[in-house]
Amino acid sequence: MRRKDLQSQFFTVLIGIFIVNNFLMKILIVEDEVQMLENMAKNLIAEGFLIETANNILQAQERIGVYEYDCILLDINLPDGNGLELLKMIKEKGLQDGVIIVSAKDSLDDKLKGLDLGADDYLPKPFHMAELRARVKAILRRKNFDGND
């Protein structure tokens, strides 16, 4: 094989890895606190993720009914209900979206209930955005590569 062909294949593989790891990964943020929503979205967009948002359960249900997400960041306390009910609906539909609960509720009971309902992780507020990014990437690695890089 010629050197130019090898270089072309190498760059195609690199671009493919970059796209799989970032650009085509779609995340839904379900959060009613505007500042928190904007901070999470801004940080994840900077990492190259495609971001959609919902301020309440109804908006989230509409988006989940139409689009497939690689990861959903889900608050528990939403203006029109409990985010855990949305999580239950996601899992009952058999959707494979990774779910990270992000909540100010930091009680052991809430964590256990969320994880028992099928959440992949639970991140109590307040948190550092670097930790959020790391947890999202971990969920995506497990989902897309069975835990292997």
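What is the mean pLDDT of the protein, and what share of its residues reach 70 or more? The mean pLDDT (the predictor's confidence in each residue, from 0 to 100) is 85, and 81% of the residues reach 70 or more. This is a predicted model, in which local features need pLDDT of at least 70 and side-chain atom pairs count only at pLDDT 80 or more, while totals for chains, interfaces and linings use all residues. Residues are numbered from 1 along each chain as its sequence is written, and side-chain values use heavy atoms, with hydrogens and water left out.

**Figure 1. Confidence in helix H1 and strand E3.** Helices (H or I, at least four residues) and strands (E, at least two) are DSSP runs, numbered from the N terminus. Confidence is lowest in helix H1 (residues 3–23), with a mean of 46, and highest in strand E3 (residues 71–74), at 98. The pLDDT is below 50 over residues 5–23, a stretch that has 13 contacts (heavy atoms within 4.5 Å) beyond near neighbours in sequence. Where pLDDT is low, the predicted coordinates should not be read in detail.

**Figure 2. The salt bridge between Glu31 and Lys125.** A salt bridge is a side-chain nitrogen of Lys or Arg within 4 Å of a carboxyl oxygen of Asp or Glu; by this rule the count comes to nine. In the pair of Glu31 and Lys125, the closest N and O atoms are 2.7 Å apart. Glu31 lies in the loop between strand E1 (26–30) and helix H2 (34–46), and Lys125 in the loop between E7 and H6, 94 residues apart. Glu31 is buried (under 20% relative accessible area; exposed is over 50%, partly exposed in between; 1.4 Å probe, protein chains only), at 0%. Lys125 is also buried, at 12%. A cis peptide bond, with omega about -5 degrees, joins Lys125 to Pro126.

**Figure 3. The aromatic pair of Tyr67 and Tyr69.** Rings of Phe, Tyr and Trp (its six-membered ring) pair if their centres lie within 6.5 Å; planes under 30 degrees apart count as stacked, over 60 as edge-to-face and the rest as tilted. The count comes to one aromatic pair. The ring centres of Tyr67 and Tyr69 are 6.4 Å apart and the planes lie at 65 degrees, so the pair is edge-to-face. Tyr67 is partly exposed at 40% relative accessibility, whereas Tyr69 is buried at 1%.

**Figure 4. The surroundings of Lys111.** Lys111 belongs to helix H5 (residues 108–116) and is partly exposed, at 27% relative accessibility. Not counting residues up to four places away in sequence, Lys111 touches Asp106 and Tyr122.
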